[in-house]
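Here is a short briefing on one structure. Take a look at the model before reading on.

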Amino acid sequence: MPAFQDSRARYLFEAVYCGSVRAAAEKLGIVPSAVSRQISLLEEELGLALLERHRHGVVPTEAGQLILDYHREHTAHQHDMLAKVDAMRGLHSGSVSVVSGEGFAQELIDGPIRQFRQQYPGVSISLEIYGTTEIMRRIREDAAEIGLVYYPPADSHITARGTARQPMHAIVHAQHPLASATHTSLQELNQWPIAMLQGVYGIRQLIEYAEHADKIHLSPALTSNLISVLLAFVSSGQGVTLLPPCSVTAALLSGRLRAIPIHNPAFQDAEMQLITRTGRHLSPAANRFLLYCMQGIQAFQTDQPIG
């Protein structure tokens, strides 16, 4: 059975993760030839090709995927071991990695993160913001421990630790003609300019499903990858947007904006989920932070939309 150096698996992982040898080298702060050399040595040790090179980057072979899986598991086990060492110190040190949609960031900062850091100031928290697809990938590949996501696709590698029903709403300015409406529809919303998130987000995918159900096509006046841009569009009186209330909690509580329910079956059972990778043993710090999220995020307490 051939032996190989574990350390070389990282270069393969970074090349695949970053999409190319050059991008991996930039991330690692070394020249591309050094990355290529380490991957070549790993291929020589194993006697198998590990990468397929294409015009637009690199992809792993079947053998390469085995090495990637091994590297992820090895890294996760190492993280777990270090976390247990931290636990012996009584959560006086360590870290928690979280990935989230933009709309959840403010509530995370004001609630769970503030409360957790007051109790455990020595534990650092990494909070990175991505769209649904990237959040799922990072949790699945152990690049983060905890994810907070809206309307995620089914994935056997992902476990929902907490769920809350959050139907999609029309978000309008407090002075908008719809502000006092008890409900609305996609047909009615189509009368006003609409701002929407781009397609990598669960929100946009849900809207497309609802359009199909209502046999209507919404033509956005503005698309963006940031919820803050959509809210600026609405706050300036230029139109409306479609979002779950949990993603605009602060603006709704301030009274600046209103959330109007939309009659569409596709929207009614959409959920926000607190997720981890299936089978992953979270560090004591991550497990504790997970509890703070369940207790400190309003939607998980009421399981009702915020109005």
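At what angle do helix H1 (residues 6-18) and helix H3 (residues 32-46) pack? The angle is about 120 degrees, and the axes lie 8 Å apart. This is a predicted model: local features need pLDDT of at least 70, side-chain atom pairs count only at pLDDT 80 or more, and totals for chains, interfaces and linings use all residues. Residues are numbered from 1 along each chain as its sequence is written, and side-chain values use heavy atoms, with hydrogens and water left out.

- Helices (H or I, at least four residues) and strands (E, at least two) are DSSP runs, numbered from the N terminus.
- Axes are lines fitted to C-alpha atoms, for helices over the stretch in contact, and angles run from 0 to 180 degrees between N-to-C directions.
- The angle makes H1 oblique to H3; under 35 degrees counts as roughly parallel, over 145 as roughly antiparallel, 65 to 115 as roughly perpendicular, and the rest as oblique.
- H1 passes H3 in a left-handed crossing, where the near helix is turned anticlockwise from the far one by less than a right angle.
- From H1, Arg8, Ala9, Tyr11, Leu12 and Ala15 meet Val35, Gln38, Ile39, Leu41, Leu42 and Glu45 of H3; contact means heavy atoms within 4.5 Å.

**Arg8**

- Arg8 sits in helix H1.
- Its relative accessible area is 11%, so Arg8 is buried (under 20%; exposed is over 50%, partly exposed in between, with a 1.4 Å probe and protein chains only).
- Leaving out residues up to four places away in sequence, Arg8 touches Gln38, Leu41, Leu42 and Glu45.

**Helix H9**

- Helix H9 (residues 227-235) has Ile227, Leu230, Leu231, Phe233 and Val234 as its buried residues.
- Down the axis of H9, these fall within an arc of 155 degrees, so they line one face of the helix; the arc is that of the directions from the helix axis to the C-beta atoms.
- Their cover includes helix H5 (102-119) and strands S7 (169-173), S8 (194-197), S9 (222-224), S10 (240-243) and S11 (257-261).

**Cysteines**

- The structure holds zero disulfides (pairs of cysteine sulfur atoms within 2.5 Å).
- Cys246 is in no disulfide, and the nearest cysteine sulfur is that of Cys293, 14 Å away.
- Cys246 counts as buried at 1% relative accessibility.
- Cys293 is buried, with a relative accessible area of 1%.
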